[in-house]
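Me: I'd like to understand the words used for rings in a protein. Could we go through them together?

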Amino acid sequence: MLKNKKIILGITGSIAAYKAVYLARTLIKRGAEVQVVITPSGKEFITPVTLSSLTQKPVISEFFTANTGEWHSHVDLGLWADAMLIAPATASTIAKMANGVADNMLITTYLSARAPVFVAPAMDFDMYRHPSTRRNLELLRSYGNHIIEPAEGALASGLEGKGRMEEPEKIADELERFFSASKSFFGKKVMITAGPTYEKIDPVRFIGNYSSGKMGYAIATAFASRGAEVTLISGPVTLPTPAGVKRIDVESAKEMYKAATENFPDSDIAVMCAAVADFAPEQTNATKIKRGNADMMLKLIPNPDIAASLGQIKKPGQILAGFALESDNEEENARHKLEKKNLDFIVLNSLADKGACFGGDNNKITIISRTGEKTSYPMKSKSAVADDIITYISGIYGK
Ligand code: C5P
């Protein structure tokens with residue numbers, strides 16, 4: 001799968017740089033052409049001679065070759081590549097990438113690269129979990145870079161925890177997966193709602209629910225990896241933005257309704273995954289409600305039904321899908337919602353299925369079609385469930 005793929009391997013100053021030798025060899029064995037770009041501190045850990053003899057190419061580190069004065073064009077290099085992989089990526093390099101601090105050849109190449117970028121962090125446990133590193137990785141994700149999460153285990157510092165660079169074979173697998181994923185939704189615009197909504201009672205209190213957003217985010221990730229242009233309208237969640245996805249953050253059902261109705265006319269497919277609050281307080285108190293001894297009444301009024309509103313303006317050719325989470329009369333209720341909201345299909349997940357609930361990593365679904373056909377799937381990870389839903393939609397398109 002990596003045959004003839006041109007890969008820039010960026011190596012930085014981490015003890016894990018020794019693994020980059022195996023990584024270069026693994027990529028080459030799988031058919032890739034590898035050009036190493038190493039930072040000055042990377043050279044303290046691994047010699048360019050080892051890398052150039054492996055890759056059969058001179059290792060690039062400086063803007064100029066010292067003795068010949070030859071200039072290395074980071075722009076040409078950036079355009080040459082089918083992928084750029086920075087492994088190991090130190091906290092310092094990640095920070096420079098996040099902020100565009102172009103003070104070495106690797107960062108200038110990164111800024112010039114149009115190809116997909118993969119980043120395999122390697123650092124000490126405490127550095128990895130520091131808010132600064134978390135924020136920088138989040139920024140890289142928002143640029144569409146793919147983060148290959150470090151593994152857990154013994155670290156060079158003697159500490160145990162997350163921070164070890166992922167193993168070379170697994171990194172190569174990740175690149176292979178990227179190149180092999182069919183781009184069957186290329187050119188399609190997909191809108192997804194995800195997560196809960198918060199309905200404000202006063203400045204510090206709200207009505208919400210336990211939705212984690214994981215299912216919707218998994219669907220967004222799966223669509224993006226198949227080439228779709230994805231807009232993710234997200235309620236308050238703690239999840240990172242999937243690579244290459246445009247995220248619109250909202251809080252209340254009304255805000256979600258506004259974003260969804262604005263984006264829907266331009267979408268080919270909409271998957272309504274959000275757990276939208278059905279009611280909101282009629283009034284939001286401007287100041288914090290004080291404790292008192294009398295009973296308190298909170299008047300709730302219905303929120304707009306986003307899915308149903310989109311169902312009303314749906315044009316021929318647009319696909320609109322919804323979710324149903326039921327505790328009783330599951331199928332009957334789901335079929336009723338499918339009709340009422342004018343959906344093309346509904347994904348039923350049951351509260352009765354243990355382990356397949358809000359916040360979990362797994363889900364067990366049944367898809368009910370417009371014509372009433374039912375397809376049931378076993379319990380799977382939410383990313384595998386997302387794949388099933390996308391395969392189902394491919395079937396609608398006859399792909
Ligand atoms: O009616 P119920 O809330 O059970 O319907 C669930 C489906 O409708 C989900 O797809 C959910 O995202 C969507 N929905 C919505 N707006 C609401 C309520 C639900 O889009 N106000």
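Reply: Rings of Phe, Tyr and Trp (its six-membered ring) pair if their centres lie within 6.5 Å; planes under 30 degrees apart count as stacked, over 60 as edge-to-face and the rest as tilted. This is a predicted model, where local features need pLDDT of at least 70, side-chain atom pairs count only at pLDDT 80 or more, and totals for chains, interfaces and linings use all residues. Residues are numbered from 1 along each chain as its sequence is written, and side-chain values use heavy atoms, leaving out hydrogens and water.

Me: How many aromatic pairs does the structure hold?

Reply: There are six aromatic pairs. Phe178 and Phe179 form an edge-to-face one, with 5.5 Å centre to centre and 80 degrees between the planes. Together with Phe118, Phe178 and Phe179 form one aromatic cluster.

Me: Why is the pair of Phe185 and Tyr397 called edge-to-face?

Reply: Their ring centres are 6.3 Å apart and their planes stand at 70 degrees, so the pair is edge-to-face.

Me: What makes Phe185 count as buried or exposed?

Reply: Buried means under 20% relative accessible area, exposed over 50%, and partly exposed in between (1.4 Å probe, protein chains only). Phe185 has 0% relative accessibility, so Phe185 counts as buried. Tyr397 has 27%, so Tyr397 counts as partly exposed.

Me: Why is Lys188 said to lie over the face of Tyr397?

Reply: A charge sits over a ring if NZ of Lys or CZ of Arg is within 6 Å of the ring centre and within 35 degrees of the ring normal. Lys188 lies over the face of Tyr397, at 5.0 Å from the ring centre.
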